[in-house]
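Subject: Predicted structure for your review

Dear colleague,

Please find below the structure that I am handing over to you. My notes on what was found in it follow directly after.

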Amino acid sequence: MEQFQAVASTKKGFCLDPRTKLLLMAIVATAEFLYAHTAFMIAVALIPFVLLLINRQYKTALIFFVLFTTGLVVQAVQNSIQFPMVLNMLIVLLVGLVLRLFPAFMMGAYFLKSTTASECVASLGRMHIGRQITIPLSVLFRFLPTMQEESASIKDAMRMREVQFGTQKFWNNPVALIEYRFIPLMISVVKIGEDLSAAALTRGLDNPIRRTNITQIGFTHYDVITLLITSTMLGFTFYI
């Protein structure tokens, strides 16, 4: 009994319910296409940026801050500088990608990093979502970290054999870099997907009977405060 209590212990500190994270992700993904005012776009971008900082994803937050700030600066000076047509189209495409889509991508990065597979499955079960969505998502949560580990292992193996960009072996046969990197990764990805799918079925995720879960989820004051701050900030900047 003590073991179950240890596993089911709640997280301490700032912790949002997975359903709140999904709601914030939907708000960010939708809001960026509703209004093109600079203050509103900054307010939307602040949501994933602050959440990444709270979750200690400092590197991801820094990259997002640099890219988003650069996009705002380029958008501000774009009309005052005459670029060639092709270059101008490329700049518009990249700026639109950064300003419109990156906040939603960053919310996805925060959701994947801060949410465990058990929490995701439990929250989706509370929302009465079918197993056609629950099982693939549970596999995805375990698939991405495993794929990153496999990619890092392949990269280390290539470094030991001096098959990397800039070495003599690379200049002798540049195609080998792609061959030695992506073919083992593709094989590993297929094998990992099959293993995780089998593990999900072994855990009984496809059982038609309603599953129990010892993972404790629920709305707290953190969810209420986060949603209030988000709605107030977006509403204020929308009507500026």
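Lysine 191 and aspartate 195 both belong to helix α9 (residues 175–202), where they are four residues apart, about one turn of the helix. Helices here are DSSP runs of H or I with at least four residues, strands are runs of E with at least two, and both are numbered from the N terminus. An α-helix has 3.6 residues a turn, so residues three or four places apart point the same way. The two side chains form a salt bridge, with the closest N and O atoms 3.2 Å apart; the term requires a side-chain nitrogen of Lys or Arg within 4 Å of a carboxyl oxygen of Asp or Glu. Lysine 191 is exposed at a relative accessible area of 53%, and aspartate 195 is partly exposed at 41%. Buried means under 20% relative accessible area, exposed over 50%, and partly exposed in between, with a 1.4 Å probe and protein chains only.

Please note that this is a predicted model, in which local features need pLDDT of at least 70 and side-chain atom pairs count only at pLDDT 80 or more, while totals for chains, interfaces and linings use all residues. Residues are numbered from 1 along each chain as its sequence is written, and side-chain values use heavy atoms, with hydrogens and water left out.

The search of the whole structure finds two salt bridges. Arginine 19 and aspartate 17 are both buried.

As to the overall fold, the protein has ten helices and zero strands. Buried residues account for 32% of its 240 residues. Of the contacts between residues at least 6 apart in sequence, 78% join residues at least 24 apart; a contact means heavy atoms within 4.5 Å. The accessible surface comes to about 15,600 Å², and 67% of this belongs to carbon and sulfur atoms. Accessible areas come from the Shrake-Rupley method with a 1.4 Å probe, and for residues only the protein chains shown count as cover.

Rings of Phe, Tyr and Trp (its six-membered ring) pair if their centres lie within 6.5 Å; planes under 30 degrees apart count as stacked, over 60 as edge-to-face and the rest as tilted. One of the pairs joins phenylalanine 14 and tyrosine 222, whose ring centres are 5.3 Å apart with planes at 70°, so the pair is edge-to-face. Phenylalanine 14 sits in the loop between α1 (2–7) and α2 (18–31) and tyrosine 222 in helix α10 (residues 221–238), so the pair ties together parts 208 residues apart in sequence. Phenylalanine 14 is partly exposed, at 32% relative accessible area, as is tyrosine 222 at 28%.

Another pair is formed by phenylalanine 40 and phenylalanine 238, with ring centres 5.6 Å apart and planes at 70°, so it is edge-to-face. This pair links distant parts of the chain, with phenylalanine 40 in helix α3 (residues 38–54) and phenylalanine 238 in helix α10, 198 residues apart. Phenylalanine 40 is buried at 3% relative accessible area, whereas phenylalanine 238 is partly exposed at 32%. Ring pairs link Phe40, Phe238 and Tyr239 into a cluster.

Helix α6 (residues 117–126) has seven of its ten residues buried, so it is largely enclosed by the rest of the structure. Its buried residues pack against α2, α5 (85–114) and α7 (131–160); among them are Glu119, Cys120 and Ser123.

Glutamine 57, in the loop between α3 and α4 (58–78), is buried at 9% relative accessible area. Leaving aside neighbours within four places in sequence, glutamine 57 is in contact with Leu52, Ala109, Tyr110 and Lys113.

Finally, the unreviewed UniProt entry places the feature "transmembrane region" at residues 33–54, 61–77, 83–102 and 219–239. UniProt positions are given in the numbering used here, feature names are shortened, and annotations may be inferred rather than shown by experiment. Residues 33–54 are 77% helix and 0% strand, with end C-alpha atoms 26 Å apart; residues 83–102 are 90% helix and 0% strand, with end C-alpha atoms 24 Å apart.

Kind regards
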